[in-house]
Amino acid sequence: MKLTERDEWKVLERLSETVGAQHLRELFAEEPGRAERMTTEACGWRLDWSKNRVTDEVMQALLALARAAGVETLRDQMLAGERINITENRAVLHTALRNRSGQPVRIEGEDVMPGVLAVLDQMADFSAAVRSGAWTGYTGKRIRNIINIGIGGSDLGPAMVYEALKSQSDRALTVRFVSNVDGTHFAESTRDLDPEETLFIIASKTFTTQETMTNAHSARTWLLATLSDDAAIAKHCVAVSTNAEAVAAFGIDTANMFEFWEWVGGRYSLWSAIGLPLMVALGPDHFTALLEGAHAMDRHFAEAPAEANLPMLMGLLGIWYNNFLDADSHAVLPYDQYLHRLAAHLQQVDMESNGKRVDRDGNVVDYQTGPIIWGEPGTNGQHAFYQLIHQGSKLIPADFIGFCTTHNALSDHHDKLMANCFAQTEALAFGKPPEQVVAEDTPAELVTHKTFEGNRPTNTLLADALTPHTLGALVALYEHKVFVQGALWHVNSFDQWGVQLGKELAAKILPELDAAIEPDLAHDSSTNALIAHYRATR
């Protein structure tokens, strides 16, 4: 049955016309204990979801829709290692990468955990050698610079986690991430570094990704310009890949190739060998704590009742706004500068997963799927785009993320930061009605300008401190939230065919940009003209 034809969907459509029109001021006035009842805790996180335009009736209807759509059944199939990525015939087991239970995880009878643990041990041994100085460069100098070369999931997740946990990293190491095929990214990332002290981690499952391998070959050239011996590559480059032949041909010792598996999707791979730069920067203990936090959220998602299940609650609230209250986007607003790359990582996790217009059966959907994810840290965003959230014509649900303690206790900075965090959710929810504006002796011509409608929904996520454990749990929470929404929309959240067409066309255009040839251009008139202009002016 089509999702929009289900009785549960039609109930929510009716509720959107009544409850959806209620103001949060009314909902809080009707129930003084609303905040206490709508606060849920798990894995070190406290979720206050009371400032959402929902009632018990709405939440029960959303839960009924999730059950009817088989969300929990698909969750159990994923965790059991079934091949739920149907277009690629693959299991989806990033949860196995952070499985700390000691229990087996099987795909068609084969326990994957021995392989997972073996790679973690290999990563720990290597990171210990680099961090201690036992691993040296070709000339015997200690490694002081780590540059990760990857793109997409091989870059966004690790880069975000490194920035988030920088305060707990080895500050004697310079750690950078190069992803863009724009040569500027590589040039600026290496400009102030000594090749004799620099180690590159090249992350590409196939070792053929165009952007990654272009940067990898530039790294090779950069190293050899100083070291002058091909044998030096093996001391300054390691690989995260499955293509041993290509890794060896590049000059990397395959003993320093770190494996991962086809059942690890790129945007879910920071928990795997893709996290090698994190293991080096943070050390094995902190990396293990990151895994443990994610595993705790995995168990919560698998075991907690739906009514008290953080990923389920956040996922279903997103469904309510996206499909029944016409919200096109969702803002993620961390009140912690260390999380300044969180929104970028979640953009890939969410939009690459659920940016789909056909369902798992290949049928075009007649409802909205993945929202646009965006955001910046507070309080910077308050002086940029919060105006749109407060008084604009678009409904933009938002997640506010904060911590009760800071790693940098400078005077009253943190109190001011969190005062702003709490104030923003209050202002968004309750606004400032015109009668209050008038009571402040506001000139009549300015009353509408200074009126805040309110009724703008938010979640608030609070933890005691930003630690590897709480960060692991947070990232897993968002992964599972995305799963809930994709499962309910009946889309395959684990393929990404949408990234392929542009790559194919770029491969065709690249030789046509060569000034030494005169290609017969067969594109549309716009693309032909752009190529011709580039050739003439490059």
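Trainee: Where in this predicted model is T458 found?

Mentor: T458 is found in strand β13, which covers residues 458-463.

Trainee: Why is T458 called buried?

Mentor: The relative accessible area of T458 is 2%, and a residue counts as buried when that value is under 20%, so T458 is buried.

Trainee: Which residues does T458 touch, if neighbours up to four places away in sequence are left out?

Mentor: With those neighbours left out, T458 touches D48, K51, N52, A398, F400, T425 and L428.

Trainee: What is phi of E108, and is E108 buried or exposed?

Mentor: Phi of E108 is near 50 degrees, again a positive value in a residue other than glycine, and E108 has its place in the loop between β3 (106-107) and β4 (110-111). Its relative accessibility is 65%, and exposed means over 50%, so E108 counts as exposed.

Trainee: Why is K141 called partly exposed?

Mentor: The relative accessible area of K141 is 33%, and partly exposed is the name for values between the buried limit of 20% and the exposed limit of 50%, so K141 is partly exposed. K141 lies in the loop between α7 (113-132) and β5 (145-149), and, not counting residues up to four places away in sequence, K141 touches T136, D194, E196 and E197.

Trainee: What makes T226 count as partly exposed?

Mentor: T226, which has its place in helix α10 (residues 210-227), has a relative accessibility of 42% and therefore counts as partly exposed. Leaving out residues up to four places away in sequence, T226 touches P195 and E196.

Trainee: Why is α4 described as roughly perpendicular to α15?

Mentor: The axes of helix α4 (residues 56-69) and helix α15 (residues 310-324) come within 10 Å and cross at roughly 100 degrees. Angles from 65 to 115 degrees count as roughly perpendicular, and that makes α4 roughly perpendicular to α15.

Trainee: Which residues make the contact of α4 with α15, and how do they divide by type?

Mentor: From α4 the contact uses V58, M59, L62, L63 and A66, and from α15 it uses M312, L313, L316, L317, I319 and W320. These residues divide into 11 nonpolar, no polar and no charged.

Trainee: How many residues has the largest nonpolar core?

Mentor: The largest nonpolar core has 122 residues, and those with the most contacts inside it are W263, W320 and L471. The largest share of this core, 13 residues, comes from helix α21 (residues 468-489). If residues up to four places away in sequence are not counted, L471 touches M160, V161, A164, L165, L290, L339 and L466. A second, separate core has 23 residues, among them F200, A232, A239 and V247.

Trainee: Why is C237 counted as buried?

Mentor: C237 has 0% relative accessibility and therefore counts as buried, since the limit is under 20%.

Trainee: What kind of peptide bond joins G378 and T379?

Mentor: A cis peptide bond joins G378 and T379, with omega about 10 degrees. T379 has its place in the loop between β11 (372-374) and α17 (386-391). Most peptide bonds are trans.

Key: Residues are numbered from 1 along each chain as its sequence is written. This is a predicted model: local features need pLDDT of at least 70, side-chain atom pairs count only at pLDDT 80 or more; totals for chains, interfaces and linings use all residues. Side-chain values use heavy atoms; hydrogens and water are left out. A nonpolar core is a set of buried Ala, Val, Leu, Ile, Met, Phe, Trp, Tyr and Cys residues joined through side-chain atoms within 4.5 Å. Buried means under 20% relative accessible area, exposed over 50%, partly exposed in between (1.4 Å probe, protein chains only). Helices (H or I, at least four residues) and strands (E, at least two) are DSSP runs, numbered from the N terminus. Contact means heavy atoms within 4.5 Å. Axes are lines fitted to C-alpha atoms, for helices over the stretch in contact, and angles run from 0 to 180 degrees between N-to-C directions. Angles under 35 degrees count as roughly parallel, over 145 as roughly antiparallel, 65 to 115 as roughly perpendicular and the rest as oblique. Ala, Val, Leu, Ile, Met, Phe, Trp, Tyr, Cys and Pro count as nonpolar, Asp, Glu, Lys and Arg as charged, and the others, Gly among them, as polar.
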